[in-house]
Amino acid sequence: MYRWLDERLDLKGLYHKVLRKAFPVHHSFFLGEITLFAFIVLVLTGIFLTLNFEPSIREVKLPDGRTVPAAYASVLYIDSLPFGAVIRSLHHWSANVMIAAAFLHMLRILLSGAYKKPRELNYLVGLALLGLAVVTAFTGYALPYDNYAVTATRIGYGIANSIPWVGTTLAQVMFGGEFPGSEKSIPRLFSLHVLWLPLGLMALIGLHLAIMIKQKHTQPRYAERVAPGKILGVPMYPQQMVMMVILFALYVGIMTIIAGAFLAHPVEAFGPPTPQTPQVKPDWYFLWLYGLLQIIPSSWEFRLFGATIGPEFIGGVVVPGVLGLVAVLLPFVDTRKDKMRYMELPSEHPVRTSVVLALLVFFLMASLAGYKIDFQQQGSILGENAVLWTLVLGGPLLTFLVSYVLMRVFYGKAREGEAL
Amino acid sequence: MYRNDPILPTFALILAAGLFYAAYLDGQHIARLLGHVPEKLSVGQIGLMAFGAVLLLYGLMGLVSYWLEGMELRPGRHFPTPSTAPVAAGVILVLLLTALSGFFVRLLVYAAQTGHNPTWLQGLIFGSISLVVAALFGIYRRFFGREEVITEEEKSEFPW
């Protein structure tokens with residue numbers, strides 16, 4: 001059988017060219033692999049969900065006599081199937097894990113300088129992947145059409161609508177009309193969530209992996225000592241493939257146990273949409289944006305070329321836009337002349353490491369600001385706008401200074417001539 | 001970033017435990033404010049647990065990689081020596097896998113017949129099946145698989 005296939009497909013050639021590729025070994029590469037595993041599980045569980053989900057808000061009658069939107073009823077049906085609730089919960093948890101893992105993967109890239117020559121392009125593809133993963137997760141959030149999901153999605157609709165000149169059109173394209181209310185919203189979000197955005201993700205993941213295979217991993221530093229100038233690793237087949245099976249099984253095992261024990265979005269508890277708006281917050285990966293919206297005063301509003309620039313646009317679009325632009329420009333600002341082969345140690349780059357830590361604190365403090373109303377209700381000092389502004393701006397600054405001084409004290413001055 | 005050490009993965013596991021505990025405390029705080037235990041996780045709890053899960057996975061994978069692949073690679077081949085203990089462990093794990101699979105099917109039949117879905121048990125059993133599969137492959141990789149470390153030229157003709 002093997003000989004028959006080999007004569008026709010040159011399997012030996014495939015083995016020597018592809019399956020003998022060397023895979024460097026380092027635990028920090030697993031953050032990217034966890035992101036990939038989460039995506040695979042999302043696709044597999046998503047296939048099961050699409051087979052049972054009805055993307056419509058037409059009214060249907062439940063066996064208990066309640067009249068609810070069809071999308072909501074179909075999610076109740078999925079939850080009633082044997083193992084159905086666990087699969088839906090696993091889908092929900094994997095979406096959260098994919099974004100968290102992609103974010104930590106990006107932090108690893110930033111801390112080890114892996115965005116430098118020749119990997120600038122792949123870094124940009126990775127940034128696009130992170131952005132697309134967040135948008136894909138957001139489009140899935142409204143689909144159960146429960147009271148919580150509808151209210152949380154409305155915040156995103158408001159941000160999209162607030163973009164000057166193009167906001168209304170963008171909101172129409174994304175939501176198929178006014179959200180909530182338009183009958184086209186759920187079918188539109190459904191097709192984006194299960195078809196167009198996953199296709200985009202698959203294409204970008206394929207490109208990301210292809211470029212990575214061509215350019216090779218950045219290697220752990222010790223490889224320079226063991227095999228200078230070469231790629232040191234284990235062959236893709238059989239070792240790396242067996243390792244991937246082990247890690248994927250580990251992912252599925254741990255995440256299924258978590259998904260079964262903690263149902264992430266129990267629609268029965270939230271109930272179908274009602275005219276009363278429940279007090280909700282967007283998902284955690286939007287909480288920092290929501291926090292900025294909470295602390296930007298409503299007086300920050302002006303007119304520009306006939307459009308209104310308001311706090312929603314400033315907090316929801318301008319700030320993330322500026323951060324995104326800085327991220328895109330980074331590999332063209334922090335450069336090196338020779339090809340980067342080995343991971344840089346964070347301790348050797350105190351400025352860069354301190355900036356990354358400061359960015360992390362900014363996200364944390366901005367997310368904390370998302371609880372402003374809760375703090376006010378409890379009479380906490382954290383409910384004050386001035387305090388939250390101090391934390392959002394002062395926290396990162398203080399982090400940078402403390403981190404930079406500590407690293408200089410413990411690791412000495414950075415070598416001369418090194419960027420950042 | 002220097003070598004495939006077990007230190008960072010171990011710290012990731014400790015941090016993961018901290019994040020899960022923070023999520024638990026958040027739940028306690030919310031329950032105190034509401035006067036009852038809510039049926040759902042809060043946004044903060046989901047965020048903490050998502051990062052906790054990633055760090056838990058990262059820590060476990062890092063330690064598995066350290067166990068199977070070592071701290072530093074050295075070019076060469078290594079052939080495993082036959083041993084009885086891993087075979088015995090494999091047989092026990094296969095028996096466990098069979099028992100868990102049978103129990104999982106019974107659980108599904110029970111849910112279909114009664115309409116009662118014990119999600120925590122379903123998740124636990126299916127997750128355990130997957131973990132046993134991981135352990136079986138781990139034993140194969142550690143005690144039966146050919147160990148090989150290679151070097152490759154930086155320039156290659158794949159994929160183009």
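This is a predicted model: local features need pLDDT of at least 70, side-chain atom pairs count only at pLDDT 80 or more; totals for chains, interfaces and linings use all residues.
Helix 5 of chain A passes helix 2 of chain B in a right-handed crossing. The residues that make this contact are, on helix 5 of chain A, W93(A), N96(A), V97(A), A100(A), A101(A), F103(A) and L104(A), and on helix 2 of chain B, I46(B), M49(B), A50(B), F51(B), A53(B), V54(B) and L55(B). Sorted by class, they comprise 13 nonpolar residues, one polar residue and no charged residues.

Let me turn to the interface as a whole. The size of an interface is often given as the accessible area lost when the parts come together. Here, chain A and chain B bury about 7100 Å² between them, and 72% of that area is on carbon and sulfur atoms. Chain A contributes 86 residues to the contact, and chain B contributes 73 residues.

One salt bridge joins R225(A) to E72(B), with 2.8 Å between the closest N and O atoms. Another is formed by the side chains of E152(B) and K216(A), at 3.9 Å from N to O. This pair crosses between chains: E152(B) lies in strand 2 (residues 147–152) of chain B, and K216(A) lies in the loop between helix 9 (185–215) and helix 10 (223–226) of chain A.

Helix 3 (residues 30–52) of chain A has an axis that comes within 10 Å of the axis of helix 11 of chain A, and the two cross at roughly 65°. The crossing of helix 3 past helix 11 is right-handed. From helix 3 of chain A, the contact draws on F30(A), E33(A), I34(A), F37(A), A38(A), I40(A) and V41(A); from helix 11 of chain A, on Q240(A), M244(A), L247(A), F248(A), Y251(A) and V252(A). By class, these are eleven nonpolar, one polar and one charged.

Helix 2 (residues 11–19) of chain A also packs on helix 11 (residues 236–261) of chain A, their axes coming within 10 Å and crossing at roughly 60°. These two helices of chain A, helix 2 and helix 11, are therefore oblique to each other. Y15(A), V18(A) and L19(A) of helix 2 meet M236(A), Y237(A) and M241(A) of helix 11. That contact has six nonpolar residues, no polar and no charged ones.

Finally, some notes on the backbone. Most residues other than glycine have a negative phi, and most peptide bonds are trans. D10(A), although not a glycine, has a positive phi of about 50°; D10(A) sits in the loop between helix 1 (2–9) and helix 2 of chain A. The peptide bond from K117(A) to P118(A) is cis, with omega near 10°, and P118(A) belongs to the loop between helix 5 and helix 6 (120–141) of chain A. The bond from F179(A) to P180(A) is also cis, with omega near -5°. P180(A) is in the loop between helix 8 (167–175) and helix 9 of chain A.

Definitions and conventions:
Residues are numbered from 1 along each chain as its sequence is written. Chains are lettered from A and ligands numbered from 1 in the order in which they are written. Side-chain values use heavy atoms; hydrogens and water are left out. A crossing is left-handed if the near helix is turned anticlockwise from the far one by less than a right angle, and right-handed if clockwise. Helices (H or I, at least four residues) and strands (E, at least two) are DSSP runs, numbered from the N terminus. Contact means heavy atoms within 4.5 Å. Ala, Val, Leu, Ile, Met, Phe, Trp, Tyr, Cys and Pro count as nonpolar, Asp, Glu, Lys and Arg as charged, and the others, Gly among them, as polar. Buried area is the accessible area (1.4 Å probe) that two parts lose on being put together, summed over both. A salt bridge is a side-chain nitrogen of Lys or Arg within 4 Å of a carboxyl oxygen of Asp or Glu. Axes are lines fitted to C-alpha atoms, for helices over the stretch in contact, and angles run from 0 to 180 degrees between N-to-C directions. Angles under 35 degrees count as roughly parallel, over 145 as roughly antiparallel, 65 to 115 as roughly perpendicular and the rest as oblique.
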